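Here is a short walk through one protein model. Keep the sequence and the coordinates side by side as you read.

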Amino acid sequence: MKKNLLLFICLLILPGVYSCKSLFNSDKPSKNQILVYSRTKGYRHKSIEKGIEAIKKLGLSQHFQVIATEDSSMFNDQELKKYKAIVFLSPTGSNLFNEQQKEALKNYIHNGGGFVGIHAATDCNYEWEWYGKMIGGFFMSHPKIQEAKLEVLDEKFIANKGIPKIWMHTEEWYNFKNFNPDVKVVLSVDEKSYTGGKMPDFHPISWYHQFEGGKVFYTALGHTDEDYTDELFLKHISGGIKYAMK
C-alpha cells in the first residue's frame, strides 16, 4: 500500500526531477564502485590520504566511484557485494577484523570479487593465514628509502602497460616472508641496485593471481607521497584496479 502511494506521488509531482525507479532502488550500487580500506592499528603511512585522493582522481577519469573507509563493520556480505573491487591501501596491524568480517571477505573472494593490495597491505592480518595466501605473502622488513632498479617481467600484464622495462624508482623496499609461490610476479627489484635487500635470488615487488574464485593484485610500491603523483606508479595501480574489476 505504501509503495503504491509513493509511486502515485512520484508520477504526479516528480517527473523530470527524479526517476521513480531510482527512488525504489537508491541503495543499489554503481556498476563500477570500489571500496578503499585503510584502517591502521600499527604504523600509519602519511601517504594514505594522498593515495585516497589519487585513486578518487583515477575514478573520475576512468568512470568508477570510490568509497573510502576505515570502518571494518562494512565488511559484511550485504555491503561488500556492492563493490567491483576492494583496495587495501596500506592498512597495518593484526586483528583488523572479527571472525564474521573475515568470513565476509572470504565470501566476497569466493563469489568472484576483485582485490587490490597497495604497499602495507602485506603488513596486516598476520594472524590470518588465509589472508597471507590470498595477498601473496607478509611484510618482513625494509631498509631505508632509496632508489633501486625495477624490472618488468610481464610487459603484457595490464598493470605494466606503459611502464619501461627498466624502471628506476625511489621506494621503501619491502622484504617478504611466507611468500606464496603460486602468484604470478610481474615486477621485481634488483637487489644489486640498492642496500638492505634480503631476497637476493629473486625479489618480487608486484604480482597477481586468481585465488579461490577471485582476482588479486598486489604492489609493494606506494610508500611515499610522491608515488601518488608519479605518472608511472599511477599507471601501475590503475592497471591493477582494472584487472581486479574485470
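Does Lys 144 count as buried or exposed? The model is predicted, and in it Lys 144 has 62% relative accessibility. Exposed means over 50%, so Lys 144 counts as exposed. Lys 144 sits in the loop between E5 and strand E6 (146-152). Look next at Gly 196. In sequence, Lys 144 and Gly 196 are 52 residues apart. In space, their C-alpha atoms are 7.8 Å apart.

Now to the aromatic rings. The structure holds 26 aromatic pairs. One of them joins Phe 139 and Tyr 174, with ring centres 4.4 Å apart and planes at 50 degrees. Planes under 30 degrees apart would count as stacked and over 60 as edge-to-face, so this pair is tilted. Phe 139 belongs to strand E5 (residues 138-141). Tyr 174 belongs to the loop between strand E7 (166-171) and strand E8 (175-177). The pair therefore ties together parts that lie 35 residues apart in sequence. Both Phe 139 and Tyr 174 are buried.

Ring pairs also build a cluster. They link Tyr 37, Phe 75, Phe 88, Phe 97, Phe 115, Trp 128, Trp 130, Tyr 131 and Phe 211.

Finish at Asp 190. This residue is in strand E9 (residues 184-190). A polar atom of the Asp 190 side chain lies 2.9 Å from the backbone nitrogen of Lys 192. Leaving aside residues up to four places away in sequence, Asp 190 touches Lys 149 and Glu 151.

Notes
Residues numbered from 1 in each chain as written. Predicted model: local features only at pLDDT ≥ 70, side-chain atom pairs only at ≥ 80, totals over all residues. Heavy atoms only, no water. Phe/Tyr/Trp six-rings, centres within 6.5 Å; stacked < 30°, edge-to-face > 60°. Helix = DSSP H or I, 4+ residues; strand = E, 2+ residues; numbered from the N terminus. Buried < 20%, exposed > 50% of the residue type's maximum accessible area, 1.4 Å probe, protein only. Polar contact = N/O pair within 3.5 Å; in protein donor to acceptor, adjacent residues only side chain to side chain. Contact = heavy atoms within 4.5 Å.
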